[in-house]
Structure formats: C-alpha cells, structure tokens
Amino acid sequence: MTTFEQFNLPKSVQKAIDELGFVNPTPIQEKSFSVIMSGRDMMGIAQTGTGKTFAYLLPLLKLYKFSISHTPKIVILVPTRELVVQVVEEVEKLTKYMSVRTLGIFGGVNINTQKKAVFEGIDILVGTPGRTMDLALDNYIRFEETQKLVIDEFDEMLNLGFRPQLTSLLAMMPKKRQNILFSATMTEEVDTILNDYFDYPEEVTLSASGTPLENIQQITYNVPNFNTKVNLLQHLLETNEDMSRILVFVNNKKISDMLHTRIEEAFEGQFGVIHSNKSQNYRLSTMAEFQEGNLRGLITTDIMARGLDISNITHVVNFEMPEEPELYMHRIGRTGRADATGTAISFVTPREEESKVEVEVLMNMELEIEAFPEEVEISTKLIEPEKDRQPIKFLMKKVKLEGDGAFQEKSKKNTKVNLGGPSKTKKKTHGSVNRNMLKTRAKKKKK
C-alpha cells in the first residue's frame, strides 16, 4: 500500500502530515499526484468525501517555490464561503512549517477589510468567484504571477451561475499556467468549458460520473405530502438511535425554516438550520456546534451542501428530492466518507417520482423502496405549495377558448367583419360612408 512518504514531499509538509496522523493517501490523491507534478492540465472526477483537497494541495506544495512578490502564485476557487474557510484551514495545516501567506476571500463581509489583507501579500489565494472577481476588477488582486489555478467543485460553480465570473477570471490570468479542476460529475456544460478554455486536460477518474459510493445504503419511502414527511422523519428520529449525526436536505429556504420549526417542537435544541439567508457568523457557529457534537443534525439547502465538510455523518435525509439528479450525488456523498458506511434516506411524493427516476437513470440502478411504517400518521392536510389552485384569470381564458356560453358568443361577435351591408343601427359605419362617397363620385363622372 502506498504511503505519503513515497511522494517524497518536502520535510516541512511531511512533518505536518505526520502530525495530522495521515499515513496512506486516498485513491484520488494517489492518482492525481503524478499528473499534477507533470505540469499538465488535469480534470479530476471524484465524489465528495474522497480527499480531493489534499489531492491538489500536496503536489502543489511540493512544486511551490518561495518568492518575494505579493501577488498570488496559486489561486484556488471554490463555490461557497464555508468551503473557502475549510480549504484555508487545510492549507494552514499543511503549511504549518512553511513560509506561505494564505488568504481566504468571500462575499457577505466587508470588502475593505479584505482589501487591506491583500496589501499584506498573498502566496495562496482561496476565494469564491464573485468576491475574487470584485477585487480583481478594482485592481486589488492581480494575477501576473499566478502559475497554478485550481477550480474545485467545478460542476457546482456552474450550477450556481458562476460561469461569467469564471470565464472573466480565466481571461485575466496568464496563458502559461497549470489548470487543475475537480468535479463530482461530468456534465455537458463542464465539458464545453474544458474545450473552450483548457489545454487538453488529462482526466483522472476515481469512479464513473453518477456512480454511487458503494458503502452508502440508499433507501426511499413513498410519502404523500409535506406533513406526512414530517411525521415520518420524527418517527425515524425517535426509533433509530443510529441516526446520531444527520444532514436533512430540502430544496429552498422557506421549506427549511418550516421544517426546522416543526422538528424543534419535538426535538428542542437538537437541530440547526443553514441556508443563504442566515448570516455568515450564524452559519459558521451552527456548523461548529454540529461538528463538536452539540447538535444532532442540520437542515440545509443544496447551495450549502458543498461547504459542509463535516466528518462522521451517519445519515443523509433527502426530505425533498433534488431538482437536478447530480445534486443527489453531492448530497449522499456527505456520508460514507473515508471508508465509513452511511445511509441515505429519500422521501418521495408522487410529484417527485420523476426526479427519483432521473436519479436512477444517472446511477444506472434502482433505489430500494422501504415499506411505509404503519404507526406513522398519514396527514391529509396540505401546505400551500402542494395545493392545486388555478388562477381565476386562467380559468376564464380556458372558457373563452373551449366553451359555448357568453364568453364564446361575445368573442364571435367581436370577430365579425363589416362587409358593407345594411346596418340595423342608426349610426353609420365607416364602411357605409365610404361606399356612398364612391357612388357620388361615379354619378359626377357620368354627367
């Protein structure tokens, strides 16, 4: 079995690795090392939780050479603020015995504070595309000495709409640079940008795109509506002691707050909620509480999924099926990390059946269906988004098009064309006036 010592890392990096207690690299770390060391562009396809951060940091730190300049030599772009914080922490762990200046930048905080930090000098810059772009446009960050560019969670960045910022940043950077990209899935949009902007990157694949992690048990429950889902989740939490560190995924902020309110009634103080409307300090403190074991679970949205690098997740619950099948892979990848086992549970309503099928097609496998527990109450009460309501205006339009009543008759009257016939009304039409004028002109000509 390969060990980190076989990478011949600098003594300072190896000492940091030893202190962290790591001995053997993960498969993606082993496969990526020689490719990155060669200087070629690389596209890594690997699921979340496979050690991607160290996969690019270790060879880059081996290649790193100290220089006096104040502009970044290595730029690492990630999709979320939380991921910026975590990558900076990983860099600082590995560079504990090196003279390396690392800075993390992201939106939602005072940009002037970050501008001051930039002036102190950067060797490794970790940032979100939006804030990096802001500082670059203001000429606070320059890339003339950038030799290495890492884009992590590439597919998620495109999902979040960062393509304009990414392409603009690529245009600002030197053409002679090494590009290292990691993505959990290989989508058409990822492939298009690779063809347009990168120099024949060598693909390093840990597993086929869409292949589920083998050590994650995946089960589903057919559930009719939101309130029944809440009842089922409460039942599972009450009866399954193994559900000790849980991530519950929903599709939007409103549902996450609604669910948290309901769960808080039965499990007071045991669950936190994280989404983009929460402040940065709140999100980081809630994650810290969860990491330290003070919370049993977190309720979160997909936009937060990539920033939650939290260990020992026992269960992922898809309270709602994701809107894109690739997001399912990212969600379940939060459990079963580092050779541990995990469980992914999905609640599927009839409306979500199509989303479930798309996930099964992506993974080329059927999800196991669990029998609905008899003791769980099936609610008939629907929340507003579940109610089938047709607007009055829409119904009226439908009658106009299909009916035989007043709306239809009025429509027919309005479409009659005046052919100049006798009028039953006293008021003359423009058509009859014009015809009389023509007759008068004709008589004058005969005279």
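Phe162 is found in the loop that joins helix H7 (154-159) to helix H8 (163-172); helices (H or I, at least four residues) and strands (E, at least two) are DSSP runs, numbered from the N terminus. The model is a predicted one, in which local features need pLDDT of at least 70 and side-chain atom pairs count only at pLDDT 80 or more, whereas totals for chains, interfaces and linings use all residues. Residues are numbered from 1 along each chain as its sequence is written, and side-chain values use heavy atoms, with hydrogens and water left out. Phe162 counts as buried because its relative accessibility is 17%, where buried means under 20% relative accessible area, exposed over 50%, and partly exposed in between (1.4 Å probe, protein chains only). Leaving aside neighbours within four places in sequence, Phe162 is in contact (heavy atoms within 4.5 Å) with Pro79, Pro129, Gly130 and Met157. Phe162 and Thr128 are 34 residues apart along the chain, and their C-alpha atoms are separated by 9.3 Å.

Helix packing was examined next. Two packed helices are described by the angle between their axes and the distance between the axes. Axes are lines fitted to C-alpha atoms, for helices over the stretch in contact, and angles run from 0 to 180 degrees between N-to-C directions. The axes of helix H6 (residues 129-137) and H8 come within 9 Å and cross at roughly 45°. H6 is therefore oblique to H8; angles under 35 degrees count as roughly parallel, over 145 as roughly antiparallel, 65 to 115 as roughly perpendicular and the rest as oblique. The crossing of H6 past H8 is left-handed, a term used if the near helix is turned anticlockwise from the far one by less than a right angle, with right-handed used if clockwise. On the H6 side, Pro129, Gly130, Thr132, Met133, Ala136 and Leu137 meet Gln165, Leu166, Ser168, Leu169 and Met172 of H8. The residues of this contact between H6 and H8 divide into seven nonpolar, four polar and no charged. In this classification Ala, Val, Leu, Ile, Met, Phe, Trp, Tyr, Cys and Pro count as nonpolar, Asp, Glu, Lys and Arg as charged, and the others, Gly among them, as polar.

H3 and H4 pack at an angle of about 40°, their axes being 11 Å apart. These two helices, H3 and H4, are therefore oblique to each other, and H3 passes H4 in a right-handed crossing. Thr53, Phe54, Tyr56, Leu57, Leu58 and Leu61 of H3 make the contact with Val87, Glu90, Val91 and Leu94 of H4. By class, the contact of H3 with H4 has eight nonpolar, one polar and one charged residues.

The largest nonpolar core has 37 residues, and those with the most contacts inside it are Tyr56, Leu58, Ile76, Val87, Ile124, Val126 and Ile180. A nonpolar core is a set of buried Ala, Val, Leu, Ile, Met, Phe, Trp, Tyr and Cys residues joined through side-chain atoms within 4.5 Å. Apart from it lies another core, of 29 residues, among them Met43, Val75, Ile122 and Phe154.

Further buried positions occur elsewhere in the chain. His315, in strand E12 (residues 315-318), counts as buried at 7% relative accessibility. Not counting residues up to four places away in sequence, His315 touches Asn240, Asp242, Met243, Arg245, Ile246, Leu247, Thr335, Thr343 and Ile345. Leu236 has its place in helix H10 (residues 226-239) and is buried, with a relative accessible area of 10%. With residues up to four places away in sequence not counted, Leu236 touches Tyr221, Met243, Ile345 and Phe347. Eight of the eight residues of helix H14 (residues 325-332) are buried, so this helix is largely enclosed by the rest of the structure.

Backbone geometry was also considered. Most residues other than glycine have a negative phi, and most peptide bonds are trans. Glu153, although not a glycine, has a positive phi of about 55°; Glu153 lies in the loop between strand E5 (148-151) and H7 and counts as buried at 4% relative accessibility. Tyr200, also not a glycine, has a positive phi of about 40°. Tyr200 lies in the loop between helix H9 (188-197) and strand E7 (202-205) and, at 70% relative accessibility, counts as exposed.
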